[in-house]
Amino acid sequence: MVNEEGWVLYDYKPAAGVIEAEVLAGLQKDPKQISPKYFYDERGSQLFDAITQLPEYYPTRTELALFERYLPEIKQRVAAPPFCVVEYGSGSSKKIRRVLDVLRPAAYVPVDISRQYLLDNARQLKSDYPELAMYPVCADIGEHFALPDEVHSMQKLGFFPGSSIGNFRPQEATRFLQRARRTLGSDAQMLIGVDAKKSVAVLEAAYNDAAGVTAEFNLNALLHLNTQLSADFKPQQFAHVARYNATRGCMQMFLRSRVAQRVKIGDATIDFAADELVHTEDSYKYQPQEFVHIAEQAGFAQTALWQDDDAWYSLFLLHT
Ligand SMILES: C[S@@+](CC[C@H](N)C(=O)[O-])C[C@H]1O[C@@H](n2cnc3c(N)ncnc32)[C@H](O)[C@@H]1O
């Protein structure tokens, strides 16, 4: 597909049939599950953006402060231009602006599942950085996808901010990094943000904000499925639940069915018991040594680690 400015969107978004099969399989499990990737239609992406501005949501401002402080040092450690930045789950492409300003790559590949949001933000970025070669890719980063041919010969810097790596279970995180290593090719580097373990009160407040934006974001998965799969979820009949699972070391989000109810998804129906929980997200928190172990299992080695003064958040530069 070519958009109106004449540049190409590499579109690997899964077809509706694949999405329906995956959602139904998740809702037929015990406990029921909806993948966190279904938070993200255009409204979900906007809600996530609103979450990043909330006083309780420390990860974004902590990570941005680390970029502000350490990007000049990071520049000394990444490949000399021309190189290409591949951003996994690019969202609003806000964080990349500081990276582009300081590291000055020749090309940028934003990868996101939220197609319209990806396109809107790529368009804005292109008008602000007209010299930058940009190749947006709509794909599920939980699966293999190919990079655009145009960047094949360039050295790659993977960029995975926001601690989104925490949405994978540890073994899946290893598999994601193994795939990223293959996608990015030899001599690649990866700049990745990882949220650390900390007080449960701080963690739980970040996912239960007073303004209720995270609750709205969680419930948006149901609205997204209504549109995408002609389902008839009534979001007001579900409640947001977020709590820390100390055994697993992760924040977990659920939707609790307020009543016994039956929901139609395409031609199928799914029954929910009163108070039944649907698991919607894990956000694993890793101490630096725990994450280094995962990275090493995937064939990456640590080049450098930067942390804030409270050690709440880690920014790793890895190399293959
Ligand atoms: C938590 S937000 C982070 C956004 C931004 N990178 C940041 O750090 O603020 C996650 C982003 O990844 C995208 N995303 C979530 N799951 C995805 C998947 N499986 N494949 C591709 N993109 C995904 C979402 O659309 C969203 O833009």
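## Strand E8 and its partners

Phe159 stands opposite Leu191 in E8. The model is predicted. Strand E7 (residues 155-160) pairs with E8 in the parallel sense, over four bridges. With helix H6 (residues 170-184), E7 and E8 make a right-handed β-α-β unit. E8 also runs antiparallel to strand E15 (residues 313-319), joined by seven bridges. There, Gly193 stands opposite Leu315.

| Strand paired with E8 | Sense | Bridges |
|---|---|---|
| E7 (residues 155-160) | parallel | four bridges |
| E15 (residues 313-319) | antiparallel | seven bridges |

E8 spans residues 189-195, and seven of its seven residues are buried. Side chains in a regular strand alternate between the two faces of the sheet. In E8, Gln189, Leu191, Gly193 and Asp195 point one way. Met190, Ile192 and Val194 point the other way.

Two domains make up the division of the protein: domain 1 (10-51 + 201-284) and domain 2 (58-199 + 287-319). Their C-alpha centres lie 25 Å apart. The contact takes 24 residues from domain 1 and 24 residues from domain 2. On the domain 1 side, strand E1 (10-11), helix H2 (42-51), helix H7 (200-206) and strand E13 (277-284) each supply at least two residues. H2 gives the largest share, five residues. That side divides into 12 nonpolar, four polar and eight charged residues.

Which residues are closest to the ligand? They are Tyr40, Gly89, Gly91, Ile113 and Gly162, in a shell of 19 residues. The shell holds five nonpolar, 10 polar and four charged residues. Domain 1 and domain 2 each contribute at least three residues to the shell.

Notes
Residues are numbered from 1 along each chain as its sequence is written. This is a predicted model: local features need pLDDT of at least 70, side-chain atom pairs count only at pLDDT 80 or more; totals for chains, interfaces and linings use all residues. A residue is near a molecule or strand if its C-beta atom, placed from the backbone, lies within 6 Å of it. Ala, Val, Leu, Ile, Met, Phe, Trp, Tyr, Cys and Pro count as nonpolar, Asp, Glu, Lys and Arg as charged, and the others, Gly among them, as polar. Domain bounds come from an automatic or database domain assignment. Two residues are in contact if their C-beta atoms, placed from the backbone, lie within 7 Å. A residue is buried if 20 or more other C-beta atoms lie within 10 Å of its own, exposed if 12 or fewer, and partly exposed in between; C-beta atoms are placed from the backbone. Two strands pair if DSSP finds at least two bridges between them. A crossover is right-handed if, with the strands pointing away from the viewer, the path from the first strand over the helix to the second runs clockwise.
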